[in-house]
Amino acid sequence: MTEPLLVDRTDAVVTLTLNRPTAMNALDVALKEALRDTLAELETDRTCRAVVLAGAGGQFSAGQDLREHVATLESTKGDALATVGAHYNPIAARLANLPKPVVAAVRGMAAGAGASLAFLADIRIGGPRTKFLMAFAKVGLAADTGASWTLPRLVGHAKAVELLMLAEPVGAEEARQLGLLNQLVADDEQVLPTAQELAARLAAGPTVAYGAIKRQLSIADAGTLADALAAEAQAQTICGGTADHRAATHAFVRKEQPVYEGR
């Protein structure tokens, strides 16, 4: 049986590949459970210092597997929308709060919950064929998998309303201009290698500080100045006690390049 999620480890970088290429990596229960549970394991895995999220077969993800969804809707035994609480919410929370950098390699289409997954990454790399589609309204649903939280932060409230309500595709260049992509490479075949190269660079950095930066920004986005200052004070207390901070400070004084260990 083909694994729905491929997990590849190269040094301190873990690449998670959504592996249902014949279904455009649509998210069925098996894939959602594998992604949710693997992210939970990576939270405390000290050997993993950066994560790449990718899709197999030239597409990122078409979002919810609608064939499976229809079958559940027609069944008298299941609640089709129970997947939000059981799968999508935990996945979104774990991606957003993962205390290490996440880079999304967005080749081809990222639609619905697939786009939402990409938006939860810290950095997104795309190519000429990259396309985003907030497809929820097309099937009579509102946003999920954190899109109502991430999208306004990336593109602003007004544009988020437009993308969610009109549900029209956004091509690669427009996505870069809007901030949905951080980097647009010239060749689709280079999307994943570029993402992995960036993840390797991040993995070699002060990953405790990166995790603290993620927490700071999350709090500051929704909070007051007082909330942000409190979060900064807490973060600096944590980071200031790390071996990375001490090593980097000493290296700076000696005009040397620091070596970070992620602790």
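1. E173 and R176 form a salt bridge in this predicted model, a term that here stands for a side-chain nitrogen of Lys or Arg within 4 Å of a carboxyl oxygen of Asp or Glu. The closest N and O atoms of E173 and R176 are 2.6 Å apart, and because the two residues are three apart in helix α7 (residues 172–178), about one helical turn separates them. Helices are DSSP runs of H or I with at least four residues, strands are runs of E with at least two, and both are numbered from the N terminus. E173 is partly exposed at 36% relative accessibility, as is R176 at 38%, where buried means under 20% relative accessible area, exposed over 50%, and partly exposed in between (1.4 Å probe, protein chains only).

2. On the basis of the pairs, residues are numbered from 1 along each chain as its sequence is written, and side-chain values use heavy atoms, with hydrogens and water left out. Because the model is predicted, local features need pLDDT of at least 70 and side-chain atom pairs count only at pLDDT 80 or more, whereas totals for chains, interfaces and linings use all residues.

3. K214 and D122 also form a salt bridge, with their closest N and O atoms 3.0 Å apart. K214 lies in helix α9 (residues 207–222) and D122 in the loop between α4 (113–120) and β6 (123–126), so this pair ties together parts that are 92 residues apart in sequence. K214 is buried, with a relative accessible area of 14%, while D122 is partly exposed at 30% relative accessibility.

4. A further salt bridge joins R263 to E261, and here the closest N and O atoms are 2.6 Å apart. Both partners count as partly exposed, R263 with a relative accessible area of 46% and E261 with one of 43%.

5. R20, D28 and D65 are linked in a network of salt bridges, and the count by the rule given above comes to 12 salt bridges.

6. Apart from charged pairs, the surface carries a nonpolar patch formed by L66, V70, L73, L81, V139 and L141, which together have about 480 Å² of accessible area. Patches are made of residues with over 30% relative accessible area and no salt bridge, like charges being joined within 9 Å and nonpolar side chains (Val, Leu, Ile, Met, Phe, Trp, Tyr) within 5 Å; accessible areas come from the Shrake-Rupley method with a 1.4 Å probe, and for residues only the protein chains shown count as cover. L81 sits in the loop between α2 (66–74) and α3 (82–97), and L81 is partly exposed, with a relative accessible area of 37%.
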